[in-house]
Amino acid sequence: MMKLISCYVTGFGGLENYEYDFKEGLNVVLEENGWGKTSFCVFIKAMFYGLEYKKGSKSFTERKHYIPWDGTVCGGNLTFEKDHKRYRIERTFGQREKEDTFQLIDVSTGRISEDYSANIGEEIFEVDRDSFEKSVFAPQTGMKTSMTDSLNAKIGDLSAAKDDMNNFDAAIAKIEAKKKEYSQTSQVNPGKLVLVKKEISECREKVEALPVKMEAYDLQGKLLETKTERLQKLKVDRLGIQEKIAIQSKREQEIGAFRAKQENLKKNKEELAALDDFFANGIPEMEEIADVQEKQNSLHGIRGRLETVMEQLPSKADEGKLNELFRNYEVTEDQLDEWDGVASRMKDLRVQGEHNQMPEEEKAKLAELKYYFAKKVPTEEELLTAADQVTSLVRADAEMSVKEKRYHTLLAEKEVMDKSNKSNEKGRGVVLLLFLLGLVCIAGGVVFSLYIKDAISPILATGFSVAGVILELFAFIHMLHRRTQSTTQRQGLDGQIDDAYDELEESKLAREEIADYCKKFLEGYLVTPTENMQDMIREIQEKTLLYKQLLKEEKKYNDLNSENLEELSELQLSLYTGLSHYASVYNMDLYKDGNEIDLLHRLRHDFRTYKEYLENKKIKKELKEQRDFLEEEIGGFLGRFSPIEGEENQLNGIEHNLRTYQRLSVLVENLEKELATEKEIADFPKEEISIEQLQAMQQETEAESELLSEQLVRDNEDFNRMSEEIEICENAKERLNVLLEEEMAIQEKIDIYDASVKYLQQAKDNFLSKYMGPLRKGLRRYLSMIYDDKDSVLLAKNFSLDMDLRVHYNFLGSTKEEGFLSAGYQDLVSFCSRLALIDALYQEEKPLLILDDPFTDLDQGKITEALSLLKEISNDRQVLYFTCHESRMV
């Protein structure tokens, strides 16, 4: 007998790190909704059968449902006992089946066992996953069961025929699929029989249409023959018309050419008469026209040159200025070159003078220092003395600072001593206290000696008196010592303070003398005031040294410039004297502006302009004389002819008229000769039919030929198409006989498939009918255990099962399906039919039973009856019962 021992859930649905120990008999798990009861049930099933995986499936499978969302490992282990041997199944599950793991451990040895494979569920329970869910495993919403091939094989104990039984539905499906290949009527994928019948119908239509098509084919052939003959006749007629048109066109062209020559002759004679008037004064030769043309070209060139020369001549104002400059004051290029040399030398001397000038920065610095030393320039001795005095002043400041510090230190010591003496008033209090104590002791001695008369009074009087005297002496001595010590110290400190004060005053007087000397020295210069006199003395020293250096530089530049100034003055006087007339004309002041180079540039430019002016004036005179001569020659020739309107160049017009006159003379002569020889052409007789009529006849013939050609093309296409259709119909006649034989063969195959399915189903039903008795008997037995015939309406004997495990009920002679029962009755009957199925499946030993809250739809009375039955059957098997409510607890 197989039984569960324990389990550990690593992660499965809502369960995580959960352990459970099973016991024999009834195991009840009472937990609220959402705890994971269904997950626990499916976990046990998955340990035996794994989790189903369908590649590419989008449905919500158990694998998708129970793999933890947080990535926790899905799986665990289950320990069970079988044939007195304990095993532990260990499984994990991934997103895909290839990621799953499985191993079976022999608990006693701890080693991997090969007694069972990964299909351990089928090997132990001898049914597949689907059959397990329809028998041993009862989910919450699946109490009803049904028959499968695997259950059929298990019930009949047909271990030898198990594969055949399991493949029964597959065999039926294959036969039906094969039959569909022939008989299916779908428009998308029709069967072979449908296709054959369709093709038979099409072939019959073609065979029936064959006689009609043959008749139409003959008529079309005759029509083609008639139209072809007509087209040939039209071609012959068109050639005849074309020949007539060619002959008549040639004649009309000759007549037209003769008349055109007559018109040209008349027109040319009219033009020739007009030209005779134009050349009334004589017809010139072409050489004469060419000579005049050459003169005209020359005249055009002379006019252009004259215009250019006129443009180059200066204006009246410029002409007057040039005459003023040079008419009475001759100058040459050599003279100008000499003046340019002098001006260039003067420029060089000025540049040298500028280069020999002291730099502007040094000039500015020298001017600044002259102002700085306006009162006096210090000697080296004065500077050394002032530097020594400043050093002494610094030393005096240091000594005075030390003495002043010592003086203030002594004053601070005196102040501390005075404070110390005041603080010593506490010591005076001690002295006063000693005086008082002494007086008290003396008073005590007097009291004991005068007023108290006993044995020890004298002793006490003496003791007090002596003590008082000692205390008084001690107080006096202490006071005297303190006063002497304080006086001595104060006197010594006062002497030190007086000496320090005298020394400080002496230092101040000495410093004032040195400071007065330094101030008087610095007042003579514009020195930058600072707190440090050493810096001011150093500034005077540096500026004195720089001032002397700059004065030397100034003297050096002045010596260099004196020689250049003498040469510059001589050259300036000579040049300015020679240029005085031109400077006056240009309104330039050479002595004031020193712009002789500008004047010379301007003078050289004007001199060249003056020379060009004189040359152009001479050329202008010569060109005018040539122009006047050519204009007279050309005018005499052109005067022989009338002016030609619209012609700018009259000479070109005369030449054109001459050439036209010569051409027309030759042309008229030739035309007169041609017309004399072709005079008979004008006497040709006229044709009866004109070319236009012949062309119209030709167009009609061509149009009819074109139409016939198009019709023949279409008719030939129709004729060929008819021939093809007749051939198709004849082929269809032969194909029809083949298809009829094929139709009969296909129908025979379909009949064989139908008979096969029928006989297989009958064989299965006959084979399984003998095993339904135990199932029906078991159903009634379990129903009797619940009802015990207490319900007069629903008697156990009236319930039955068919071969698909569907429950039926016989009521008043009529068989009703279980759907007529209430939901509660249906669950109870299904529960009993499932128990009967399990008994039939496992006759030798009872397997475990897993129930996932199956009684949710029952009322309390039926729940009690169902739980009583559940308790009864748990005596001989292990039962796992899950519920969420105490009302359904056993």
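Two strands pair if DSSP finds at least two bridges between them. Helices (H or I, at least four residues) and strands (E, at least two) are DSSP runs, numbered from the N terminus. The model is predicted: local features need pLDDT of at least 70, side-chain atom pairs count only at pLDDT 80 or more, and totals for chains, interfaces and linings use all residues. Residues are numbered from 1 along each chain as its sequence is written, and side-chain values use heavy atoms, with hydrogens and water left out.

View 1. Strand 3 and strand 13 (residues 879-883) are joined by five bridges. Within that pair, L26 has V879 as its bridge partner. Contact here means heavy atoms within 4.5 Å. Axes are lines fitted to C-alpha atoms, for helices over the stretch in contact, and angles run from 0 to 180 degrees between N-to-C directions.

**View 2. Strand 12 and its two neighbours.** Four bridges link strand 12 to strand 13, in parallel. Strand 8 also pairs with strand 12 in the parallel sense, over two bridges. I850 is the bridge partner of F137, and I850 also stands opposite L880 in strand 13. In a regular strand the side chains alternate between the two faces of the sheet. Here L849 and L851 point one way, while I850 and D852 point the other way.

View 3. Strand 1 (residues 3-12) pairs with strand 2 over six bridges. S6 sits opposite D21 of strand 2.

**View 4. Helix 9 against helix 21.** Helix 9 (residues 210-278) and helix 21 (residues 650-677) pack at about 145°, with axes 9 Å apart. Among the contact residues are F258, L265 and L272 of helix 9 and I654, Y661 and L664 of helix 21. The contact residues divide into twelve nonpolar, six polar and six charged. Ala, Val, Leu, Ile, Met, Phe, Trp, Tyr, Cys and Pro count as nonpolar, Asp, Glu, Lys and Arg as charged, and the others, Gly among them, as polar.

**View 5. L575 in helix 17.** L575 lies in helix 17 (residues 533-578). The residue is buried, at a relative accessible area of 1%. Not counting residues up to four places away in sequence, L575 touches W339, V342, A343, M346 and E596. V342 is 233 residues from L575 in sequence, yet their C-alpha atoms are 7.0 Å apart.

**View 6. Residues 158-162 and model confidence.** pLDDT is the predictor's confidence in each residue, from 0 to 100. The protein chain averages 80, and 88% of the residues score at least 70. Over residues 158-162, pLDDT stays under 50. The model has six contacts for this stretch beyond four places in sequence. Where pLDDT is low, the predicted coordinates should not be read in detail.

Definitions and conventions: Buried means under 20% relative accessible area, exposed over 50%, partly exposed in between (1.4 Å probe, protein chains only).
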